[in-house]
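My notes follow the model itself.

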Amino acid sequence: AAAVGLYNLGQSCCLNSLLQVFLMNIRFTRILRRITVPQSPAQRRSNVPYQMLLLLEEMQCGKCKAVGPTELARCLAEHRVKLFVQHDAAQLFLTLWNLLKKQMKKPELVEELSDLYTICIQEHLACQKCSLEIKSNSTMLTLPLPMLDANSYRLKTLEDSLQYFFNPEELTGQNMCFCQQCGRKTTFLQSTKLVHLPQILTLHLKRFYFERSSCTYKLSHSLPFPQELDLRKVLTEDQCLADDREKATWQYQLFAVVAHSGSTSFGHYCAYIWSLTECKWYCFNDSEVCQVSWDDVKCTYGHSGSYWRETAYLLFYMKKHPQ
């Protein structure tokens, strides 16, 4: 099947880019093809997985170079996903994922979908005055990676940003927590440890920066990311809570980049995706699809000088050797 574009319905570039990332992923479409078809026409119209499946089938019938995701957009509108507005790709990705998960009726499919995308972490809080430790496990769909460190210095590479995300942080001064054992507010050490990584690891580069003056601006400086990412080499022993068998699967290959050009209030999204069947990079810019090189993808690293040029915003990495 050749790569097929999606027509822009009016500011739907964000939705189009994310749909391409889902539908170009064979591991995801394998799950999608096994959903239960809803019984009534009304249920079918409002079922996101089913509408996605219809769109996939239309894209794969090979008659057109682009198709319009009109029915799916209508279906999303029923679930309060606004049309004809600027979306944030990270938020829309979470919204789509939650709708898919909620509407896939078979428990085994929901579980497979979770295995495909969910990151498991453990949050640690340790009082620095006594032995109290609080641990809690949680899951995340994306790792929101900082572009700047605590002193507002630019982080240089994706690996730096990942390490920084998992670095312990001292909660002092105004951020002190109440310790049950000490009976007062004390300094705590807060850390996040990685427990389990999914087949698709989604990284969110926090390029949109909120000033206290409620003004948002975009950090467009360069943050290089690799084609191959081995998290065993990036993170230290104490940033992980995983056995060797789990860690053996932490080798990733870049699968897709959702890039943003323009400013915070006025922008455009497109997606660069590695075709798993053809082993080539494609750029999906709404209805326009063209083959590109790795050098073209690297152009989304960012540039200090130019605010308007394309910068990577979401990165999707795929496991090289899943268990």
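These entries go from the domains to their interface, and then to a hairpin.

**Ground rules.** I'm working with a predicted model, where local features need pLDDT of at least 70, side-chain atom pairs count only at pLDDT 80 or more, and totals for chains, interfaces and linings use all residues. Residues are numbered from 1 along each chain as its sequence is written, and side-chain values use heavy atoms, with hydrogens and water left out.

**Domains.** I looked up the domain assignment and found domain 1 (1-118) and domain 2 (141-167 + 200-322); such bounds come from an automatic or database assignment. Their centres, taken over C-alpha atoms, are 22 Å apart. On the contact list I found 31 residues from domain 1 and 33 residues from domain 2, where contact means heavy atoms within 4.5 Å.

**Buried area.** The two domains bury about 2600 Å² between them, and 66% of that is on carbon and sulfur atoms. (Buried area is the accessible area, with a 1.4 Å probe, that two parts lose on being put together, summed over both.) Which residues of domain 1 lose the most area to domain 2? I noted Val21, Met24 and Arg27, which together make up 21% of what that side buries.

**Polar links.** Between the domains I got eight residue pairs in polar contact, both residues at pLDDT 80 or more. That term means N or O atoms within 3.5 Å; within protein, one must be able to donate a hydrogen and the other to accept it, and residues adjacent in sequence count only if both atoms are side-chain atoms.

**The domain 1 side.** Helix H1 (13-23) is among the elements that supply at least two residues each, and H1 gives the largest share, seven residues. Helices (H or I, at least four residues) and strands (E, at least two) are DSSP runs, numbered from the N terminus.

**Salt bridges.** I searched the whole structure and got eight, counting a side-chain nitrogen of Lys or Arg within 4 Å of a carboxyl oxygen of Asp or Glu. One of them joins Glu288 and Lys65 at 3.6 Å, N to O. Glu288 is in strand E17 and Lys65 in the loop between helix H4 (48-60) and strand E2 (66-67), so this pair ties together parts 223 residues apart in sequence.

**Hairpin.** Strands E16 (residues 280-285) and E17 (residues 288-292) run antiparallel, joined by five bridges. Phe284 sits opposite Val289 in E17. Two residues lie between the strands, and Asp286 takes a positive phi near 55 degrees.

Methods:
Pairing = 2+ DSSP bridges.
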